[in-house]
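Please examine the structure shown below.

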Amino acid sequence: MTLFFLPLLAAAALAAEPASPAAEDPFAKAAALYAAADYRGSEAAYAGRLAAEPRSASLHYNLGNALFKAGQLGRAIAMYQRAFDLRPRDRDIRYNLDFALKRAGEELVPAGVPPFLHYLFHFLSVQELAGLHWLACWVCLGLACGALLRRSASGPLAWWGAGALGAWLFFGAWWGLREAFEPDERGVVVKSTAEIRSGPGDNFSVAFTAPEGRRVSVLSENGRWVEIGLAKEGAKGWILVESIERVDRL
Amino acid sequence: MRSLLLAAALALAAGPSRAADLTIHAGVDKTSVALNDQIVLEISVSGPRTTMPEPKLPSLPNFSVYSSASSHNISFVNGKVASSIVYTYVLVPRFVGKAVIGPVSVAADGATVQTSPIEIEVVPPAGSRVPGQGPASPRPSPRGSRPSPGAPDIFVIADVDKKKPFVNEQVTLSVKFFTSVQLLGNPQYDAPKIPGFLAEDLPPERHGTVEHYGRSYYYSEIKTALFPASAGRLVIGPATVRAQVQKDVTIDPYAPDFFQRFFSQGFVGSEDKNLSSEPIELRAEALPSEGKPPDFTGAVGRFSVSAAVDRLEPKAGEAVNLTVTVQGTGNVKALGDIRLPDMPSFRVYDTVSSMSLDRAKDVVNGSKVFKTVLVPKVSGGLTVPEITFSYFDTTRRQYVQASAPAIRLKVKEGDAAASAGIGPSTPSGRLSAVSEDIRYLKPSSSASSATRILEAVASGGNVHTIPFLLFGAILGLTMYQEREASDPKGRRFRGALRAAHKRIRQAEALLQAGDGKAAASMLSEALTHYLGDKLDVPSSGLTVRRALELLSARAPGLAGRGLDPVRQAWEELDLMRFAPSAAPHGKGPDAAARMEALLKTLEKEILR
């Protein structure tokens, strides 16, 4: 009974199979434009496709490539970041995000963090962690219900239950850490040398400038102005909404 | 036409002189000049070096000399530097007759080279009377001019074409010297002080006649292009002209000093005039910070950029000369270096620039050429990306980005490609990084099934409350069952009324079916089981007497007649069961209701 809903969820997930070959034509067309160095055309084709497949890491990655080649470093980093959020184990996505971040004066692996630890911490996407957490939760509670009904928690059932409980706690803690360290609302500066002011308006003085491609946290919004924070420098200020590309978690 | 004349004059006048590694040329635009005209002397020094010594002019007593401009060109060809510098002077003749421009010399590394002398013939101005060998009068007096009352004989005016320029925008300064009287000799001109400006002369000097204050003046005009170096208030100081003018002197031939004065001054006297223009104040505007492109280096005016390579199909490892030309109107001298885009597939060498200036129509313009050597590291289709150059357009009052389109090269395989490749030919068998770039596109692939299942589970939302609710329900049920199992007395006590009600419902059904005897048995059973459960005694052997004793013990206040309803009900049910005809209510269709009432009373008064 307890596990009845999981197959339903799985079936729903598997039902969302990739598009048919006929529907992949726009993808191939975008790739052909990219190969012909028509990066603007390729960008438009991938962007059009993105509306139909908002959770495709490949699409975000390819769009990031087109934007990078077209000289739009900030928007390229935003796309690579989304692709990385969706598929953090993909080596190409990691490489291109790191490559683009270095152009903007950042690195994927922060200074002082062992690359192996960073890789492990981001081995699973937040969605995968959440899925594993809930899966372990269902299994654990299902086994607990079985034990209660059988009025016996000994033998293999106990071991399975303990394992499920451990997995539930482990993935829950991992998920919680990721949520704590990676804010839901993020953005990337897409304007070269964007001016960040001390308040939401032109009448406020420019507090500092940020280079194109810099990743920031989005704190609040006020009309055409977005309050951003830069954790590394401990600075925050207001930037025009058109100077930033939101990279909220999908 | 002027350049043709100049070329002809150069060819006739002075051939090149060579010494050491320097060559010097001197030439004039004409060898015959009227007294009221001027000639342009150009001296060029060239050689294989980046810095050139300045030429030394000879003494030129027959001319007034004005320095107008110089331009420096540097070129870099096949690794060799060649440069030339051209100095331009304006010479105004002072006397009619033959004049000689002596050798112009330049010294370098202990050696001196010089040009040949140039002969110039100065002729009287057309339609003017020229004194013989007396003091020269290079400017004709306006014909028929007659001083008007209050009108000055001679004056200087300085003016600019704009008072609020942008920083580095051209401002044309015009200094005009007007005279309506005969000048004795050439006037001496002192240029105004121009702190805060970069200056560029705008030759040639202009002459003409004009009406002012109702009288005719002869004028000379000198123009200078000024470029404000910074924003704010700027002042152009006064321009000064010192001139000697003719003064009419009445000479009395009978005066005692007539001869002395006649021989010392002639019939006319002279007067020194010091004339100054008014200072001019300008306010230079700063360039806007909004919309300033990142590659902006301070260029103001209007420019275009072009790029070209000397070969489109080189081999890998072969040099390709990339020439980027920025040309247009503005202070070309102040143009910064052009920023080349990243070209990881090329080895890029230092950029060398050369410049040429022109001043057509009093506007400074020209071009700056940047030459860079590119060496393709690998073979294949390589692209020199689009090259951009940003400037501020003062007409449109905004920044403009000019660009040269990308250049595609088809690089053939060469030695460099082999050395940079991957494979056995690579030294020590290791990879050799050639360039860094992003990785290529990915095919249209979706996430793995496991990932999609996990993502679907993660997006379950409220579905995830189900296991908690289920677990809670089962846990509650189990706990309830355990509690019931551990307290049989209490379970009997709590379930007594519910069991009795059940039996009463069954008795009612039997009564409706007409089976009064069975109904009475059921009601009796309901009563005895209820009392047994409540009093925790076996119901099977319970008698009315025993029941009443236990009830009296439980509720002493009801002992005696208080328990009569129980006894009466008990006995009535016995009669209904065993002697229905003797029962006071017959088959007792309301027996069930009365039993309900009795149980309610017992539950309320005695057995809670």
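## A helix pair in chain A

In this predicted model, H3(A) and H4(A) cross in a left-handed manner; a crossing is left-handed if the near helix is turned anticlockwise from the far one by less than a right angle, and right-handed if clockwise. Helix H3 of chain A covers residues 39-50 and helix H4 of chain A covers residues 57-69. Helices (H or I, at least four residues) and strands (E, at least two) are DSSP runs, numbered from the N terminus. The axes of the two helices come within 8 Å and cross at roughly 155 degrees. Axes are lines fitted to C-alpha atoms, for helices over the stretch in contact, and angles run from 0 to 180 degrees between N-to-C directions. H3(A) and H4(A) are therefore roughly antiparallel to each other (angles under 35 degrees count as roughly parallel, over 145 as roughly antiparallel, 65 to 115 as roughly perpendicular and the rest as oblique).

Residues of H3(A), including Tyr39(A), Tyr46(A) and Leu50(A), meet residues of H4(A), among them Leu59(A), Leu63(A) and Leu67(A). Two residues are in contact if their C-beta atoms, placed from the backbone, lie within 7 Å. This contact of H3(A) with H4(A) comprises 8 nonpolar, 2 polar and 3 charged residues. Ala, Val, Leu, Ile, Met, Phe, Trp, Tyr, Cys and Pro count as nonpolar, Asp, Glu, Lys and Arg as charged, and the others, Gly among them, as polar.

## A helix pair in chain B

Helix H8 (residues 544-554) and helix H9 (residues 564-578) of chain B pack with axes 10 Å apart, at an angle of about 160 degrees. That makes H8(B) roughly antiparallel to H9(B). Their crossing is right-handed. On H8(B), Val544(B), Ala547(B), Leu548(B) and Leu551(B) make the contact, together with Val566(B), Arg567(B) and Trp570(B) on H9(B).

## Strands of chain B

Three strands of chain B form an open sheet in the order E3-E10-E7, with mixed pairing; two strands pair if DSSP finds at least two bridges between them. E3(B) and E7(B) stand at the edges, each with a single partner strand, so one side of each has no neighbour in the sheet. E7(B) and E10(B) run antiparallel and are joined by 5 bridges, and Ile101(B) has Ile118(B) as its bridge partner in E10(B).

Elsewhere, 13 bridges join the antiparallel strands E14 (residues 197-212) and E15 (residues 215-228) of chain B. Their hairpin has 2 residues between the strands, and there Tyr213(B) takes a positive phi near 50 degrees.

## Confidence and numbering

Chain B averages a pLDDT of 79, where pLDDT is the predictor's confidence in each residue, from 0 to 100. Over residues 127-147 of chain B, pLDDT stays under 50. Where pLDDT is low, the predicted coordinates should not be read in detail. The predictor gives the complex an ipTM of 0.83 and a pTM of 0.50.

Residues are numbered from 1 along each chain as its sequence is written, while chains are lettered from A and ligands numbered from 1 in the order in which they are written. In this predicted model, local features need pLDDT of at least 70 and side-chain atom pairs count only at pLDDT 80 or more, whereas totals for chains, interfaces and linings use all residues.
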